[in-house]
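Please walk through the following structure with me, taking its helices, strands and aromatic side chains in turn.

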Amino acid sequence: MHRKRVVVTGIGAVSPIGLNINEFWDSLIKGKSGANFITRFDASNFDTKFACEVKNFDPLKYFDRKSVQRLDLFTQFALVSTDEAIQNSQLKLDAIDKNRVGIVFGSGIGGMWTWHHQSEIVFRGGGPQRISPFFVPMMISDIAAGQISIKYGFKGLNYATTSACATSAHAIALGAIHIQRGDADVVIVGGSEASICPMGIGGFNAMKALSTRNDAPEKASRPFDKNRDGFVMGEGSATLILEDYDFAVKRGAPILAELVGIGLTADAYHITAPAPGGEGAVRSMKLCIEDAGIKPEDVDYINAHGTSTPYNDKNETEAIKTLFGDHAYKLVVSSTKSMTGHLLGAAGAIEAVVTVLTLMNNIIPPTINYEEPDPECDLNYAPNKAVEREVNYAISNAFGFGGHNVSLLFKKYQ
C-alpha cells in the first residue's frame with residue numbers, strides 16, 4: 001500500500017514558560033526556568049512546595065464566564081493551544097472537508113481539578129445531591145478531543161490516548177498513521193495536562209518521584225546532573241497540525257517539518273521503573289530510524305525524555321549509547337523538562353513542538369541546571385546554553401509509567 005507523507009503545518013503551546021509559541025521558544029533558547037512555588041493551592045505541608053505552573057493564564061481572555069465554569073483547566077489549555085496551531089497552519093475552515101479532519105488528543109490524567117472540587121463538595125457535607133451534572137463530562141480524559149471537535153466542527157476520526165507520560169507522543173504517532181492510511185487529510189494531535197493540585201503533587205510525593213529542592217525551585221529540574229533528585233511537575237498543552245503532504249502542498253500550507261519515523265514499544269518490565277539499560281527505548285528509537293529509512297548516524301539531535309530522575313536519565317543515556325555507538329558522542333541530546341518541568345501526558349506533544357522548532361531554527365535548546373556531571377550520563381546535553389547547529393533529523397522521546405515507549409523522528413523540510 002502506498003504510504004502518504006506526513007508533514008507538520010501548525011504548532012501551538014500553552015506552557016509554564018510562555019502562553020504561545022513565540023514566548024515559549026524565546027524562553028527555551030534563553031534557558032528560562034518555569035519553576036516556582038505553587039500558587040494554585042496551599043502546599044506548605046507537602047514535601048514538594050513548587051512546580052512549573054502556567055503563569056498569567058486568564059481563561060476569560062479566551063472563553064466566556066459560563067464556558068470557563070464548564071471546562072476543566074486541562075481542556076481550556078487544549079483549546080487555546082489548538083486555536084494557535086490552526087491559525088499557525090493557515091487552515092481555512094470554510095474551504096476544507098471537515099469530514100476529512102480528525103483529532104487524536106490525549107491527557108494522561110484528565111480533569112483532576114474538577115475531581116478535586118467536586119470531591120470537596122461531597123466530603124465537606126454537601127452530599128451527592130450537590131455533584132454538578134457537568135462533573136463527568138468535565139473530568140474525562142477524552143473531553144479535550146471532543147471539545148476541539150465541537151468547537152471547529154471537525155467530523156473525522158476523534159479519540160484520546162492515555163499512556164501516562166507517553167500519552168501525547170502516542171497521539172502524534174497515531175494521527176500520523178491515520179494520514180498514512182488515507183483516513184484523513186488533516187489530524188489535530190497533541191495533549192494537555194493540569195495536575196498541579198493536592199492529589200497530583202501528593203501522589204507523586206508518595207512515590208518519591210518529585211524533587212524536594214524547596215530552597216531553590218528554579219534549580220530543581222536538573223536532567224542528567226549528578227545531583228538530580230526527582231522531576232518537577234509541569235502543566236500546559238501543545239498541539240500539532242499534521243497533514244497529508246499532497247493536501248498541504250495543494251492548499252499552500254506553511255510546512256514546518258516532516259514526520260518520517262515512528263517507534264512504539266513496551267518494556268514489559270515494571271509499573272514505574274524503566275527496563276535495565278533502557279532496552280525498550282533502544283528498540284523504539286531503532287524502529288523510528290528504520291521507519292524513516294535512514295542510518296543512526298544521520299540523527300543530529302535527540303530531545304530526551306530526560307525527567308531528572310536517577311533511573312530514567314541513566315537508562316536513557318545508556319539506550320542512546322547502545323543504539324548509536326560512537327555517534328552518541330557526536331549528536332546533541334537535551335532535556336527541555338529542565339525548563340518546562342514534566343507536563344506528564346502533554347510532555348510528548350510539547351517536546352515534539354520543541355523538536356520541530358529546533359529543525360526550523362537550527363538552534364538546540366539547552367539542558368539547564370547541569371552543574372555536576374554524572375559519570376553514568378556522559379553525553380553532550382547542551383549544558384546550560386543553547387547550541388547553534390545544523391539539524392536535519394531529530395528524535396523526540398517519550399516514555400511512560402507502565403513501560404510505554406514512543407520515539408518520533410522528524411526531518412527538516414526543504
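Helix H7 has 15 residues and reaches 21 Å from its first C-alpha to its last, which is close to the 21 Å expected at 1.5 Å a residue. The model is a predicted one, and what follows should be read as a description of that prediction. Of the 15 residues of H7, 12 are buried, so the helix is largely enclosed by the rest of the structure. Among the buried residues are Thr 167, Ser 168, Ala 169 and His 170 towards one end of the list, and His 178, Ile 179 and Gln 180 towards the other. Just after H7, the chain passes through Gly 182, which takes a positive phi of about 90 degrees.

With a relative accessible area of 7%, Ser 163 is buried, and its side chain is joined to that of His 170 by a polar contact of 2.7 Å. His 170 is itself one of the buried residues of H7, and the polar contact therefore links two buried residues, given that Ser 163 has a relative accessible area of 7%. Once its neighbours within four places in sequence are left aside, Ser 163 is in contact with His 170, Gly 400 and His 404.

The next element to consider is strand S6, which covers residues 186-193 and is largely enclosed by the rest of the structure, because 8 of its 8 residues are buried. In a regular strand the side chains alternate between the two faces of the sheet. In S6, Val 186, Ile 188, Gly 190 and Ser 192 point one way, whereas Val 187, Val 189, Gly 191 and Glu 193 point the other way, and all of them are buried. Strand S4 (residues 101-106) runs parallel to S6 and is joined to it by 6 bridges, with Gly 191 of S6 as the bridge partner of Gly 106. Strand S7 (residues 236-244) runs antiparallel to S6, and 8 bridges join the two; here the bridge partner of Glu 193 is Gly 236 in S7.

A pair of aromatic rings is described by the distance of the centres and the angle of the planes. The count comes to 12 aromatic pairs. In one of them, the rings of Trp 115 and Phe 135 have their centres 5.7 Å apart and their planes at 55 degrees, so the pair is tilted. This pair links distant parts of the chain, with Trp 115 in helix H4 (residues 112-126) and Phe 135 in helix H5 (residues 135-139), 20 residues apart. Trp 115 is partly exposed, with a relative accessible area of 48%, whereas Phe 135, at 16% relative accessibility, counts as buried.

The rings of Phe 224 and Tyr 381, by contrast, have their centres 4.0 Å apart and their planes at 10 degrees, so the pair is stacked. Phe 224 lies in the loop between helix H8 (198-206) and S7, and Tyr 381 in the loop between strand S11 (363-364) and strand S12 (387-388), so the pair ties together parts that are 157 residues apart in sequence. Phe 224 counts as buried at 1% relative accessibility, and Tyr 381 likewise counts as buried at 1%. Elsewhere, ring pairs link Phe 57, Tyr 62, Phe 63 and Phe 77 into a cluster, and Arg 5 lies over the face of Tyr 245, at 3.9 Å from the ring centre.

Key:
Residues numbered from 1 in each chain as written. Predicted model: local features only at pLDDT ≥ 70, side-chain atom pairs only at ≥ 80, totals over all residues. Heavy atoms only, no water. Buried < 20%, exposed > 50% of the residue type's maximum accessible area, 1.4 Å probe, protein only. Helix = DSSP H or I, 4+ residues; strand = E, 2+ residues; numbered from the N terminus. Pairing = 2+ DSSP bridges. Polar contact = N/O pair within 3.5 Å; in protein donor to acceptor, adjacent residues only side chain to side chain. Contact = heavy atoms within 4.5 Å. Expected span 1.5 Å × (residues − 1). Phe/Tyr/Trp six-rings, centres within 6.5 Å; stacked < 30°, edge-to-face > 60°. Lys NZ or Arg CZ within 6 Å of the ring centre and 35° of its normal.
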